[in-house]
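Trainee: I would like to go through some local packing details of this model. Can we take them one at a time?

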Amino acid sequence: MEHFESDLMNLSKALLSSNDISGLMTFLNNDDLSFIKVDRVNIILKSDLDALPVLYFFDQENDLQCYQYNQNSLSLHSIVNDGCTHRIQGEALYLSYPQLIEHPAYSNIDNYCKVPLISACKQLGSIEFINVEIKEDNYSEKQFKLFTNMITSMVEHIIEHELASNIAQQISDERNNFQMLVDVTNAVISRSTKKELITSLLKFLYQHFSMSDLSIIQTHDGHYGQDYCGYSDGKIDYRSHFFSNDDAIKDAVEKNKPVVLSALTIQQLSLNNNVPFFPLSAKSACVVPMVFRNSTIGYICYMQREDKPYPPHDVELFLQIAARVALAMHSLKVHEAISKTIPTTDYINIEESYMDHAIFDDIISQSEVMNKVLDQVAMVADCDSTVLILGESGTGKELIAQAIHKLSRRSNTRMVKMNCAAVPAGLFESELFGHERGAFTGAISQRVGRFEQAHKGTLFLDEIGDMPLDLQPKLLRALQENEIERVGKNQLISVDVRIVVATNANLLSMVESKGFRSDLYYRLNVFPIKIPPLRERPEDIPLLVKHFTRVISKKMGKDITAIAAETLDTLSKFPWPGNVRELRNFIERSVILTRGNVLSVPTEELITISSLNNKMVKSKPTLPASDNIFDRDAVISALRESNGIIAGPRGAAVKLGVKRTTLLSRMQKMGIKSHDYLDEIG
């Protein structure tokens, strides 16, 4: 009796002091419990009737363990889940439930007693007494029942306390999340540019989640534009990326569901440039859709520098943050639309919004005609087909070639470039295919040609129209057979090269006048891409002016922040016969002339440039209907007018509007010699 009363007092004290299952288990397995003799006590708890039970027990090292049953283990240990009282000898227990022999909670059992813990007709679980000694009389049974009832009360108290704590924690988390969403809304809603918005969002995520990398992805006429922002060593790294392969984020795009990317997936993506961009430091990522008014306007890519999972509550919070950012992006778009209708101020900030239209950090565009060009780039990049890039001088043909290479499967290798117009006719074959030592006078060592240099990569041949006619069959054979021969060596060398060519000439007219081989033309003309001149995309000029001003002024150490609105309008209306190259050179001259913060543009020079261009057009000899400047009669006429002189301000090359080397090459093909016209007066 004394032991029983003492145990009840101890149990009452434990009831008042313990608020968790650990305290209760410690009390029940304490040697001070003297009312009953028992080796150890296990407790099985259920959160509700349909839930699977959880077993609490002490292992051999006296550490509290928690074992969560599943459907398979529960069917094997079915005794733990019924609501009956069981008293079984150890041998009978192991015979009925042999699987318990291997379970650490049921080792070394001589006798087993399980009593349901029932409160207000609700079963909370069970208590298991391992090797218990109880006197077999009514009084001892009543004491034992009272003892288990008090344990039931204590378990009920613990469950209610944990429930209250969970509710309090949930309310606290909801309050914190609500405040966090208010803070992120304030952080992004008032930003005037996308760059400012992303930078502000990253600072917020860095403060709350220690997240150092972030990007926003938006669809753009069949491809994706990605704005990345990273924070490292106190500096912000902002860059733009362009891709069309969205396999990695397919679920986000097609199902509007979050997509979690592992370190392995990100590592595999880094092998291809035509995919979303991830910095080397990123080890995991979560891509969630930005939804505004039931429309997906883009995707946020949250990145971590550790390969660890994203908890469901964090993913849910990321979705709510994305919804606020979607609202801010919509507001930004509305603001930009309204700004276009408001009369422009006297000065325009050169940092203003142009980076939103940067692709590969080189191609700046917002015009529809250039968007179509970029769509063609995205379509052809992944295959190895030959690409013919057409366009006037200075339109950016080389940049388009670089974009094709960056998006191709060969992006990890180099792109070898060769300007056909800059190579003398006598060295052309050596430059392209290489030569052996002693192959010709001056060949003092072996030379690897451009084809071999570009093996497994891309070969870009600029100004392909200036390739000598006698070498064109050799290029055609190399394209068809994937084999070349070095000069001076009769041995075939296999090459794996993707060819991209460019020209500002009318190749079809050259084919008609026998200046370019038709079979080579049709071999090169697999996928032509025509780049529009700058005068056909005037909406891109303000973006380019801002970009060139910012880059060149930074290189020169100047702090130029604005340009006069009237000046920018004048630049936008100028036809720019030299296209983007001419515009860049003109802006460089303007930056040199600038002494303050506002770009000083010598607009009066544009009038002079326009006048000179008109005079050059008028001074050119009248050409045949084919508009081919290398018509034989036109060349002879120009030589007669220049008295056989080719170079210089009065030479035939100037009259024809071509380079001296180009004219000499054409004259050689036509069998025309300049000295035949030295005695004639032009």
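Mentor: The model is predicted.

Trainee: Which residue just after α21 takes a positive phi?

Mentor: Look at the backbone just past the end of α21. The phi there is about 60 degrees, and the residue is N643.

Trainee: At what angle do helix α17 (residues 541-555) and helix α18 (residues 565-573) pack?

Mentor: The axes of α17 and α18 are 9 Å apart. On the α17 side the contact is made by I541, P542 and V545, and on the α18 side by L568, L571 and S572. These residues divide into five nonpolar, one polar and no charged. α17 passes α18 in a right-handed crossing, and the packing angle is about 120 degrees.

Trainee: Is T386 buried or exposed?

Mentor: T386 is found in the loop between α10 (368-381) and β16 (387-390). Its relative accessible area is 5%. The cut-off is under 20%, so T386 is buried.

Trainee: With which side chain does the side chain of T386 make a polar contact?

Mentor: Leaving aside neighbours within four places in sequence, T386 is in contact with I499, R523, L524, V526 and F527. The polar contact of the T386 side chain is at 3.2 Å, and its partner is the side chain of R523.

Key
Residues numbered from 1 in each chain as written. Predicted model: local features only at pLDDT ≥ 70, side-chain atom pairs only at ≥ 80, totals over all residues. Heavy atoms only, no water. Axes fitted to C-alpha atoms, helices over the stretch in contact; angles between N-to-C directions. Helix = DSSP H or I, 4+ residues; strand = E, 2+ residues; numbered from the N terminus. Left-handed = near helix turned anticlockwise from the far one by under 90°. Contact = heavy atoms within 4.5 Å. Nonpolar A, V, L, I, M, F, W, Y, C, P; charged D, E, K, R; others polar. Buried < 20%, exposed > 50% of the residue type's maximum accessible area, 1.4 Å probe, protein only. Polar contact = N/O pair within 3.5 Å; in protein donor to acceptor, adjacent residues only side chain to side chain.
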